[in-house]
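Me: I want to learn to read a protein–RNA model feature by feature. Where do we start?

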Amino acid sequence: MKVRYELIHKDKKTGARYGKVIFTAPDGTEQEYETPMFMPVGTQATVKTLSPEQVKDCGAGIILSNTYHLWLRPTPEIVEKAGGLHEFMNWHGPILTDSGGYQVFSLAHNKKKDITEEGVHFKSELDGKKLFLTPEESIRIQNMLDSDIAMSFDECPPATADKKYLKNSIERTIRWAKRGKAVFNNPNQNLFGIVQGGPYEDLRRWSAEETVKIGFDGYAVGGVANDDECKDDMYKAIEYSCPYLPEDKLRYLMGVGEPVDLLEGVKRGIDIFDCVSPTRLARHGNALVPGVRETGISGLKENRINLKNAKFTDDFSPIDEHCDCYTCKNYTRAYLHHLVKCDEQFGASLLSIHNIRFLIRLTEQMREAIKEDRYEEFVEEFYKK
RNA sequence: GCUGGAAUCGUCUAGUGGCAAUGACAAGAGACUGUAAAUCUCUCGGCUUCGGCCUUCGUAGGUUCGAGUCCUACUUCCAGCA
């Protein structure tokens with residue numbers, strides 16, 4: 001489906017954007033979603049432990065899947081044969097595929113020699129086979145997967161990368177973006193470019209301007225959710241990137257995040273987010289709850305409870321009495337504690353539902369606040385809890 | 001009743017003269033940001049001024065510089081024979 005973005009209202013004080021993403025299918029039918037928006041992550045063509053119906057019931061619009069993982073298994077050929085990723089996984093809302101750029105960071109980056117001008121060498125985690133992913137191959141795979149939004153193949157550098165490294169990396173990512181765009185050939189798909197540059201103003205600006213010059217259907221701010229990157233650096237990266245991105249295109253902050261980061265990202269002009277955190281935290285027994293908590297290194301973080309803790313054994317209240325999710329409406333902390341202690345996967349499902357709903361509900365509240373020009377107050381209120 | 005064998009941290013378990021004692025599970029807590037993550041880390045006898053100190057391997061004695069480990073008796077359990 002082709003995508004377009006409509007900026008409907010900008011918060012008067014902060015510049016936070018309320019808008020709409022409209023997807024048009026080849027037959028002319030449209031799907032419309034509001035932004036800010038949070039996209040649940042379904043790396044292996046599934047949002048872990050949830051059915052598509054459950055994901056939809058959380059209020060999800062777009063979901064994210066992954067080129068690298070589907071490339072290895074089941075292979076893009078099989079997904080194509082199935083009729084594309086939507087048919088294959090029975091998700092009929094929009095899908096965004098990451099390009100494998102994050103895997104350059106998470107799987108190949110400890111060996112810098114694996115990253116070459118031509119592409120990136122990987123060793124398959126499945127069978128040890130040698131793999132080589134190029135910008136062209138990434139786009140070819142995504143074209144075959146037939147996701148709605150394909151991402152450019154970028155290098156996602158570690159937070160520790162110095163300016164010199166970043167400069168070379170950005171240049172290469174820009175060349176890769178051009179190469180990817182050149183072979184991109186799925187008329188029902190959209191291609192997004194990715195801005196890199198660490199926390200540096202000049203690099204972000206330069207990366208953004210060069211990426212915009214190439215011309216994409218939307219833009220992402222990348223390289224902000226790695227290692228122990230501190231939040232200040234993340235927020236700088238956004239501040240230094242967004243002003244150079246066109247107003248009429250969707251802005252996507254990759255891999256983020258925590259409730260605090262959604263608030264701060266939107267404040268700085270971001271429209272959509274994705275993050276594994278709600279589903280991973282759920283599988284590890286944690287539930288997001290309103291408010292923030294202080295941590296040493298990175299500052300304010302998302303507030304949450306660990307249902308594994310013994311204190312929930314006889315706590316018969318819901319995770320959050322103000323939450324409207326299926327889990328909070330029907331189950332107690334004591335029951336969730338029990339499921340988590342027993343390693344029952346239903347516990348992971350129920351917590352995933354809550355955590356995803358929590359983030360999506362947060363974006364819904366942000367939209368309302370932006371529409372009424374009270375975004376700043378909304379953020380302050382959230383911090384106070 | 002006789003003859004063997006066994007008793008170790010909540011549970012199972014390693015341990016055949018230098019041990020506060022192995023491993024697993026359970027338990028307690030922490031981490032997690034474009035998913036190598038239903039994973040990983042820490043704690044798990046007591047006290048501690050973090051150098052140690054104290055008390056522990058069924059019970060009671062004994063041998064030894066030193067005993068969970070060897071000896072004796074007892075208690076309980078298991079197996080075989082009556």
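This is a predicted model: local features need pLDDT of at least 70, side-chain atom pairs count only at pLDDT 80 or more; totals for chains, interfaces and linings use all residues.

Me: What is the phi of Asn 90?

Reply: Phi is near 65 degrees, a positive value in a residue other than glycine. Thr 49 is another case: not a glycine, yet its phi is positive, about 70 degrees. The loop between strand 4 (37-40) and helix 1 (52-57) holds Thr 49. With 18 other C-beta atoms within 10 Å, Thr 49 is partly exposed.

Me: Which residues of helix 6 are buried?

Reply: Among them are Pro 135, Ile 139, Ile 141, Met 144 and Leu 145. The buried set also includes Glu 137, Ser 138, Gln 142 and Asn 143. Asp 146 follows helix 6 and has a positive phi, near 65 degrees.

Me: Next, peptide bonds. Which bond at Pro 74 is cis?

Reply: Read omega. The bond from Arg 73 to Pro 74 is cis, with omega near 10 degrees. Pro 74 lies in the loop between helix 2 (67-72) and helix 3 (76-81). A cis peptide bond also joins Val 256 and Gly 257, with omega about 5 degrees. Gly 257 is in the loop between strand 12 (250-253) and helix 10.

Me: How do I read a helix pair, such as helix 10 and helix 14?

Reply: Take the angle, then the hand, then the residues that meet. The axes of helix 10 (residues 259-267) and helix 14 come within 10 Å and cross at roughly 30 degrees. An angle under 35 degrees counts as roughly parallel. Helix 10 and helix 14 are therefore roughly parallel to each other. Their crossing is right-handed.

Me: Which residues of helix 10 and helix 14 meet?

Reply: From helix 10 come Pro 259, Leu 262 and Val 266. They meet Leu 359, Leu 362, Thr 363 and Met 366 in helix 14. By class, the contact of helix 10 with helix 14 has six nonpolar residues, one polar and no charged.

Me: At what angle do helix 13 and helix 14 pack?

Reply: Helix 13 (residues 333-341) packs on helix 14 at about 130 degrees, with the axes 7 Å apart. That makes helix 13 oblique to helix 14. Helix 13 passes helix 14 in a left-handed crossing. Leu 336, Leu 339 and Val 340 of helix 13 make the contact with Phe 346, Gly 347, Leu 350 and Leu 351 of helix 14. The residues of this contact of helix 13 with helix 14 divide into six nonpolar, one polar and no charged.

Me: Where is Glu 6, and which residues does it contact?

Reply: Glu 6 is in strand 1 (residues 2-10). Leaving aside neighbours within four places in sequence, Glu 6 is in contact with Gly 19, Lys 20 and Ile 22. With 13 C-beta neighbours inside 10 Å, Glu 6 counts as partly exposed.

Me: And Asn 303: which strand holds it?

Reply: Strand 15 (residues 299-306). Not counting residues up to four places away in sequence, Asn 303 touches Val 289, Pro 290, Gly 291, Val 292 and Arg 293.

Me: Last, the RNA. Which residues come nearest to RNA strand B?

Reply: Of the 48 residues around RNA strand B, the nearest are Cys 156, Ala 225, Gly 255, Gly 257 and Val 276. Gly 257 is also one partner in the cis bond with Val 256. By class, the surface near RNA strand B has 16 nonpolar, 18 polar and 14 charged residues.

Me: Which helices and strands each supply at least two residues of that surface near RNA strand B?

Reply: Strand 5 (63-66), helix 5 (101-106), strand 13 (272-275), helix 11 (277-283) and helix 14 (345-371).

Notes:
Residues are numbered from 1 along each chain as its sequence is written. Chains are lettered from A and ligands numbered from 1 in the order in which they are written. A residue is near a molecule or strand if its C-beta atom, placed from the backbone, lies within 6 Å of it. Helices (H or I, at least four residues) and strands (E, at least two) are DSSP runs, numbered from the N terminus. Ala, Val, Leu, Ile, Met, Phe, Trp, Tyr, Cys and Pro count as nonpolar, Asp, Glu, Lys and Arg as charged, and the others, Gly among them, as polar. Axes are lines fitted to C-alpha atoms, for helices over the stretch in contact, and angles run from 0 to 180 degrees between N-to-C directions. Angles under 35 degrees count as roughly parallel, over 145 as roughly antiparallel, 65 to 115 as roughly perpendicular and the rest as oblique. A crossing is left-handed if the near helix is turned anticlockwise from the far one by less than a right angle, and right-handed if clockwise. Two residues are in contact if their C-beta atoms, placed from the backbone, lie within 7 Å. A residue is buried if 20 or more other C-beta atoms lie within 10 Å of its own, exposed if 12 or fewer, and partly exposed in between; C-beta atoms are placed from the backbone.
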